[in-house]
Amino acid sequence: MRIGILGSGLMGGKLGTLFARAGHDVVFSYARTKGKLTRLAREAGRNARAGTPEEAATGADAVLLAVHWSRVDDVLKQAGDLSGRTVISTCLPMNADDTALVLGLTSSGAEVLAKKIPKADVVSAFGTVPSEVLFGVYAARKRARRPTLVYCGDEARAKKKAAKLIAGLGFDPLDAGPLRLARYTEPFTLLIAQLAYEGKGGPELAYRLERYEA
Ligand SMILES: NC(=O)c1ccc[n+]([C@@H]2O[C@H](COP(=O)([O-])OP(=O)(O)OC[C@H]3O[C@@H](n4cnc5c(N)ncnc54)[C@H](OP(=O)(O)O)[C@@H]3O)[C@@H](O)[C@H]2O)c1
């Protein structure tokens, strides 16, 4: 797939690097300096390059949105027309100092995002995992026991693409349902972050959901 990265920080930088290593064509965009994007592209290998948000979005099979909630409008404006695009969002609707969600339970960042870009197909994914675990999960991707990663969205084709990308990175993709389920996955992420950074799990934590047959 051709994947445009909108926001090349902790999440976008790592996910873009792994997508490139997994064989996808990646365009890194949206950092404070062009040098950061060029360095990321160089380190990610020959499938990656640096570009503008518009270049990242043009012709992309999937666009990864990975910016702070306060930067969403700016990056979408720079990306231009996203009609018909699959937009995979890692974004949590956090306040400016990252101490609380500004939406939850009756709506979600993913649903608000879908209203901003009604002609795109939004999938909420990767937001439930601390970026620190991504390289380790990828390195262990051939193991039988894989950590589960939930995703949700309203459009089947876009969700299929997201599931393929999730599996390619070493996770077991779990379809949580329609996009409104992000009302529950987004607050759940705060629990994951709490466990990863302040609990006993450490930042290497990735979580596992087990299915029990009756
Ligand atoms: N990090 C995680 O583990 C994690 C986990 C779950 C969900 N999330 C969510 O994922 C999203 C991305 O998180 P993140 O941790 O990857 O954020 P981040 O590291 O702050 O990355 C954001 C990107 O936006 C760029 N940026 C910020 N202001 C800009 C500006 N004015 N002009 C151009 N570029 C600008 C940053 O540039 P620079 O690279 O130059 O700083 C960076 O590349 C957030 O919504 C977050 O809530 C993150």
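Which residues does Met 1 touch, not counting residues up to four places away in sequence? The legends below start with that view of this predicted model.

View 1. Met 1 sits in the segment before β1 (2-6). Leaving aside residues up to four places away in sequence, Met 1 touches His 24, Asp 25, Asp 61, Lys 161, Lys 164 and Leu 165. Met 1 is partly exposed, at a relative accessible area of 25%. Leu 64 lies 63 residues from Met 1 along the chain. The C-alpha atoms of Met 1 and Leu 64 are separated by 12 Å.

**View 2. Cys 91, a buried cysteine.** Cys 91 has a relative accessible area of 7%. Buried here means under 20%, so Cys 91 qualifies. The closest cysteine sulfur to that of Cys 91 belongs to Cys 152. A disulfide needs the two sulfurs within 2.5 Å.

**View 3. Cys 152, from the other end of the 13 Å gap.** The nearest cysteine sulfur to Cys 152 is that of Cys 91, and Cys 152 is in no disulfide. Is Cys 152 buried or exposed? Cys 152 is buried, with a relative accessible area of 1%. The disulfide count comes to zero.

View 4. The chain has 214 residues and a radius of gyration of 16 Å. A compact globule with 214 residues would come near 17 Å, so the value for this chain agrees. Along the principal axes, the C-alpha atoms fill a box of roughly 50 × 40 × 35 Å. How much of the chain is buried? Buried residues make up 50% of the 214. Take the contacts between residues at least 6 apart in sequence. Of these, 69% join residues at least 24 apart.

**View 5. Surface and charges of the protein chain.** The accessible surface comes to about 10,600 Å². Carbon and sulfur atoms account for 52% of that surface. The chain carries 31 positive and 22 negative charges.

Definitions and conventions: Residues numbered from 1 in each chain as written. Predicted model: local features only at pLDDT ≥ 70, side-chain atom pairs only at ≥ 80, totals over all residues. Heavy atoms only, no water. Buried < 20%, exposed > 50% of the residue type's maximum accessible area, 1.4 Å probe, protein only. Rg over C-alpha atoms; globule rule 2.2 N^0.38 Å. Contact = heavy atoms within 4.5 Å. Areas by Shrake-Rupley, 256 points an atom, 1.4 Å probe, with all protein chains shown as cover. Lys, Arg positive; Asp, Glu negative; His and termini not counted. Charge placed at Lys NZ, Arg CZ, Asp CG, Glu CD. Helix = DSSP H or I, 4+ residues; strand = E, 2+ residues; numbered from the N terminus.
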